[in-house]
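Please read this report with the sequence and the structure side by side, and look up each element as it is named.

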Amino acid sequence: MLISLAWRNLWRHRKRTWITVAAVGLTTLMLVFMLSFQFGIYDTMKEQNLKLMDGYAQIQQSDFLEQPNLEHSFVYSDQWSSVLDKVDSLSAYGFRAQTYVILSNNADTQNRGALIMGVQPDKEPQLSSLAKKIISGRYLQNSDDHKIVLGKQLAAQLRSKVGDQVQLLGEDRDGSLAIDLYEIVGIADTHIPELNRQLAQITLSDFQILFAMPNRAQQLVFMTAEIGQAADLKPLVMPQLQSLTDSDLRFRNWQALQPALDQAIELDLSSAILWYAALLLIVILILLNTLYMSILERQNEFSLLNALGVQPIQISQILILEIVFTTLLGLISGVLLGMAVTEYFIFQGITLPGSEGVFAQFGLSDTLYPVLSLLSVGFAPAVFGFGLILLCAMVLFKMRSLKPLTGRQL
Amino acid sequence: MSDLSESLMLLQDVTKTFEDGNRTIYAVDHLDLQIRSGEFIALYGPSGSGKTTLLNLIGGLDRPSSGELSIGEYQLNRMSEAELTDLRLMEIGFIFQSYNLIPVFSALENVAFILQMQGVEKEQALKQSREMLHQVGLQNMENRRPAELSGGQQQRVAVARAIVSKPKIVLADEPTANLDSQNSQELIDLMKHLNQTHKMTFVISSHDPQVIDSARRKIHLKDGKIVSDEIVSD
Ligand SMILES: Nc1ncnc2c1ncn2[C@@H]1O[C@H](COP(=O)(O)OP(=O)(O)OP(=O)(O)O)[C@@H](O)[C@H]1O
Ligand SMILES: [Mg+2]
């Protein structure tokens with residue numbers, strides 16, 4: 001009975017009903033898409049950033065993160081591969097070591113500080129996009145002996161080109177002098193000036209010999225197909241690897257590797273959430289106002305029902321049914337449409353016109369793919385759910401003071 | 001008093017006051033009244049004499065400022081709002097001057113609504129309501145919405161709804177005020193007919209001589225007091 005009355009009322013005030021449904025639906029749709037888009041940006045940021053060097057996760061010697069020096073390296077063995085090769089979600093892994101050195105050119109006219117890295121040339125292209133950013137010459141190969149790849153600026157500062165030799169001067173793991181000559185085989189342009197000024201890579205085997213650290217590395221870099229899978233690696237690899245070495249190992253997720261990126265994303269997300277919440281609140285206030293007006297407008301109707309013997313609480317039920325139905329309809333259609341639109345762009349990708357250069361500077365590709373997540377889909381419904389409680393509270397409050405219709409009100 | 005039927009309603013020393021600024025208005029002023037089952041009463045008097053106020057008190061739409069008011073075993077002035085609402089649902093039929101019907105329901109549904117709210121099965125409620133609409137002469141208009149009915153027809157639906165659940169008493173506040181004289185007469189005849197065939201009690205407030213003339217008991221109100229109370233024998 002009450003349900004049918006509520007249903008009829010919705011039809012009677014068709015326009016108002018549809019406007020409410022549309023308001024809730026469109027806001028929800030927009031938020032689902034916007035948040036998914038935002039998560040897409042974050043994912044792209046993470047991906048591009050981490051793919052550049054760090055990988056999605058690493059195992060390091062426990063003190064390496066705080067003090068990245070040669071002393072903080074771990075001992076590894078061939079047995080490690082048999083553990084790592086069994087992990088399905090692991091798409092690539094590779095060892096690295098690094099230290100600061102002074103590079104000088106052939107004529108010894110220019111000296112520059114650089115971060116020299118020992119890498120595994122066959123693994124590196126899957127771990128780091130640097131290997132693909134060679135603008136002259138080639139990247140390192142496993143068989144290379146005394147070959148080096150330099151960043152664009154560094155090469156320019158050293159006034160050197162592919163084929164030239166550079167001298168490398170540093171301190172090995174025992175504190176003795178490490179010095180040797182290397183031939184430039186490739187020059188890389190990362191589009192990141194800071195990296196271009198510092199980048200210098202040799203093979204890990206050269207590195208281990210030069211710096212007197214056989215079978216040692218500081219980082220074991222992991223790549224997975226999805227960034228989300230990386231955190232799950234820890235229980236899969238840590239116990240076994242730790243049992244194979246005396247060194248103290250630590251698993252580092254991407255948040256530990258790039259705390260600034262993590263914080264930037266968190267900050268950006270919370271400010272976005274605040275803005276969206278404010279937007280939703282405005283919509284909820286408008287809905288409250290609409291409901292308030294409609295209760296005033298229908299006062300006679302409710303008073304008549306009450307005069308005829310319908311309890312105020314039952315009248316509230318009618319109204320609440322109306323509100324819940326409209327809001328739910330708006331929410332469901334908003335979520336479904338929002339997901340559909342988002343899915344379309346997940347499939348299609350979003351290219352922001354005229355943005356190629358800008359994005360490249362920050363290491364981003366110009367095509368973004370939104371990401372549906374619990375937060376992006378659930379945020380608007382959650383806030384509207386809260387709004388629904390407000391609306392119902394107002395109904396109950398207004399109906400408490402309901403007076404039955406009397407001849408005088410007419 | 002020739003009528004020997006039992007007492008239905010009793011008002012003892014009932015007063016209803018309204019504060020108008022610093023003035024107290026006695027809309028109903030220390031009034032005593034007994035209503036017997038099966039009566040057909042017209043309340044008349046000048047505007048502001050307290051007719052509506054009195055009907056509201058009798059129907060439990062409003063509470064007296066003082067005095068005792070009872071319908072059968074119910075003591076109206078001692079009941080809570082919720083109890084009064086239930087009493088209205090179960091025991092009292094209302095016919096207002098206008099805005100009587102639920103706009104989203106058809107004539108039939110409007111009549112059946114009360115029964116269903118009382119807990120009568122839907123099928124049974126619809127059947128009884130159909131018979132009732134038949135009795136008020138609206139057998140062909142069951143499915144029309146109030147907006148699709150004339151004023152007179154709407155009032156007939158209101159009458160059907162007021163009596164379908166066989167209430168103890170039917171109250172009508174100026175039911176003919178918005179009708180032309182032919183429709184008024186038809187409505188009066190209908191109510192009189194129902195009063196006679198079902199022994200249903202009617203209290204009708206009106207300025208309308210047609211209504212007053214047709215009543216068997218005429219109560220003249222002035223300044224919240226009864227100035228005359230006469231019973232015409234047929
Ligand atoms: N809510 C109220 N507040 C203040 N005064 C009121 C209120 N309701 C009624 N009154 C006063 O009570 C008196 C009786 O009013 P009531 O409506 O009962 O008269 P009535 O006989 O029905 O008049 P009418 O024939 O015009 O319908 C009037 O003086 C009116 O102004
Ligand atoms: Mg009146």
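## Terms and conventions

Helices (H or I, at least four residues) and strands (E, at least two) are DSSP runs, numbered from the N terminus. This is a predicted model, in which local features need pLDDT of at least 70 and side-chain atom pairs count only at pLDDT 80 or more, while totals for chains, interfaces and linings use all residues. Residues are numbered from 1 along each chain as its sequence is written, chains are lettered from A and ligands numbered from 1 in the order in which they are written, and side-chain values use heavy atoms, with hydrogens and water left out.

## Residues with a positive phi

Most residues other than glycine have a negative phi. With a relative accessible area of 28%, A:H146 is partly exposed, a class that lies between buried (under 20% relative accessible area) and exposed (over 50%), as judged with a 1.4 Å probe on protein chains only.

In chain B, the phi of B:D13 is likewise positive, near 55°, in a residue other than glycine. B:D13 has its place in strand β1 (residues 7-20) of chain B and is partly exposed, with a relative accessible area of 38%.

## Chain A: domains and helices

Chain A is divided into domain 1 (2-50 + 261-409) and domain 2 (63-247), with bounds that come from an automatic or database domain assignment. The C-alpha centres of these two domains of chain A lie 51 Å apart. UniProt, in an unreviewed entry, lists residues 17-214 of chain A as "domain: MacB-like periplasmic core"; UniProt positions are given in the numbering used here, feature names are shortened, and annotations may be inferred rather than shown by experiment. Over residues 17-214, chain A is 33% helix and 33% strand, and the end C-alpha atoms are 75 Å apart.

Helix α12 (residues 312-348) of chain A has 37 residues and reaches 53 Å from its first C-alpha to its last, close to the 54 Å expected at 1.5 Å a residue, where the expected span is 1.5 Å times one less than the number of residues. After α12(A) comes A:G349, whose phi is positive, near 80°. A:Q299, in helix α11 (residues 299-308) of chain A, counts as partly exposed at 25% relative accessibility. Although A:Q299 and A:M399 are 100 residues apart in sequence, their C-alpha atoms are 9.6 Å apart in space.

For residues 9-231 of chain B, an unreviewed UniProt entry gives "domain: ABC transporter". In chain B, six strands form an open sheet with mixed pairing, in the order β6-β7-β8-β3-β9-β10, where two strands pair if DSSP finds at least two bridges between them. At the edges stand β6 (92-95) and β10 (225-231) of chain B, each with a single partner strand, so one side of each is left without a neighbour in the sheet.

Strand β3 (residues 40-44) of chain B runs parallel to strand β9 (residues 217-222) of chain B and is joined to it by four bridges; B:I41 stands opposite B:R217 in β9(B), and B:Y44 stands opposite B:H220. β9(B) and β10(B), by contrast, pair in the antiparallel sense over six bridges, and the partner of B:I219 in β10(B) is B:D229. Two residues lie between the strands of this hairpin, in which B:D223 takes a positive phi near 50°.
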